[in-house]
Amino acid sequence: MPRSLALGAYLLLAGPGGSSTEAEPPRPDGPLLWVHADSAERLPPVLAMAERLESETSLLLTLPRYVEPPATPPRVILRPAPVDTMPAARAFLDHWRPDLLLWAGGGLRPALLSLARMPKLLVEGAPEPQLLERGARWPGLGRAVVPLFDRALVTGDAAAERLWRAGLPEDRLEIAPPLDAPSPVLPCNERERRDLAQTIGARPVWLAGDLPLSELPAVVAAHRHASRSAHRLLLILAPRSTEDAPAMAKALTEAGLTVALRADGNEPEDDTQVYLADGTGEMGMWLRLAPVTFMGGTLLGGPSGRHPFEGAALGSALIHGPAKAPFDEVWARLDAAGAARVVLNGAELGRAVEALLASDRAAAMAHAGWDVATQGADVANRVADLIREHLAREQTTGDLGVTMPALGAVTSA
């Protein structure tokens with residue numbers, strides 16, 4: 001590809017400056033996948049994807065120097081990204097000789113990318129408003145750097161159009177869900193689940209999981225409202241803190257509700273209105289038993305709550321409040337897919353529970369949640385397959401110029 005005047009001028013000015021004096025660890029033998037990420041938040045799905053690769057493949061992970069280095073698995077070599085000068089970029093690439101580059105978001109580095117001759121895959125695009133890490137004010141520089149990627153997987157039409165306008169041909173663009181770290185499937189004692197399901201029988205059930213004490217009044221109000229149309233409704237309540245269970249039991253009893261405490265070995269009898277767990281240690285069982293779940297900590301905010309995919313992956317329709325951090329993006333995807341419902345207070349929570357007691361509505365939301373929760377893992381599997389395919393061909397041909405195969409299997413409608 002002919003080099004643009006903008007890129008040529010940038011590289012000329014990026015020439016001065018020596019390479020890093022920091023000694024690099026030795027390059028491992030065998031295939032080396034280089035991943036660059038712009039933040040620690042992007043690492044879980046990248047590392048989960050790397051786990052799908054063969055043990056012979058090592059992973060070089062670079063982060064901006066301002067990012068706090070996280071703990072990484074043994075096969076991962078963690079290094080700060082080189083400064084974007086020609087000597088530093090050349091020294092870095094000459095030492096590591098990566099076989100393939102996976103650029104996970106972040107501002108693009110013109111000098112580093114122009115010297116990187118291996119196939120390059122961009123995932124999740126580059127953020128707005130900064131397309132470039134350096135040189136953002138250079139007219140035409142973005143259109144010279146973006147086409148250096150062989151393929152790009154982006155989330156949504158807007159991101160695809162942004163890269164297309166920056167010069168990446170349409171046949172190199174794929175629209176796919178974001179890479180997600182697989183949410184661990186919460187364990188469950190199947191014998192206890194089966195026994196409890198038999199005890200509960202045909203009673204309608206909902207769960208308030210990971211609930212802080214501050215949100216208990218809203219849940220009580222919601223349960224009272226929903227019970228008007230479902231007189232045998234059972235609430236399973238899993239407190240966020242084990243220490244809050246006695247206070248919750250006292251408050252529930254004072255509110256006139258019949259409570260059974262799991263910590264005392266009790267079971268939800270026919271007259272039990274609230275079955276109070278002694279913490280969140282058995283969330284896997286509660287999510288399997290309850291077709292509708294309110295995720296605690298989202299109504300009034302506070303400490304981080306649990307990952308929404310825990311419930312979505314186990315087939316529970318999800319209700320949440322407006323406080324979605326640190327899972328804002330995940331909740332937004334579930335909401336957009338009709339897999340979750342947002343409420344603002346106890347009254348709205350009660351109406352939402354009442355509406356979702358209709359099994360067809362809860363089942364439709366649960367199905368949508370399952371789709372969202374598994375999409376990212378499907379993309380990660382496909383990207384890992386692509387990397388394996390290229391590295392296998394690399395071992396056979398030794399040709400660094402091989403074009404990446406198409407990723408049509410992950411293109412969304």
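Select Ser241, which sits in the loop between strand E9 (234-239) and helix H9 (245-254); helices (H or I, at least four residues) and strands (E, at least two) are DSSP runs, numbered from the N terminus. This is a predicted model, in which local features need pLDDT of at least 70, side-chain atom pairs count only at pLDDT 80 or more, and totals for chains, interfaces and linings use all residues. Residues are numbered from 1 along each chain as its sequence is written, and side-chain values use heavy atoms, with hydrogens and water left out.

Ser241 has a relative accessible area of 22% and is partly exposed, a class between buried (under 20%) and exposed (over 50%), for a 1.4 Å probe and protein chains only.

Turn next to the aromatic rings. Rings of Phe, Tyr and Trp (its six-membered ring) pair if their centres lie within 6.5 Å; planes under 30 degrees apart count as stacked, over 60 as edge-to-face and the rest as tilted. The count by this rule is two aromatic pairs.

Select Trp34 and Phe92: the ring centres are 5.2 Å apart and the planes stand at 55 degrees, so this pair is tilted. Trp34 belongs to strand E1 (residues 32-37) and Phe92 to helix H3 (residues 86-96), so the pair ties together parts 58 residues apart in sequence. Trp34 is buried at 0% relative accessibility, and Phe92 is buried at 4%.

Finally, select Tyr275 and Trp286, an edge-to-face pair with 5.9 Å centre to centre and 85 degrees between the planes. Tyr275 lies in strand E11 (residues 274-276) and Trp286 in helix H10 (residues 283-289).
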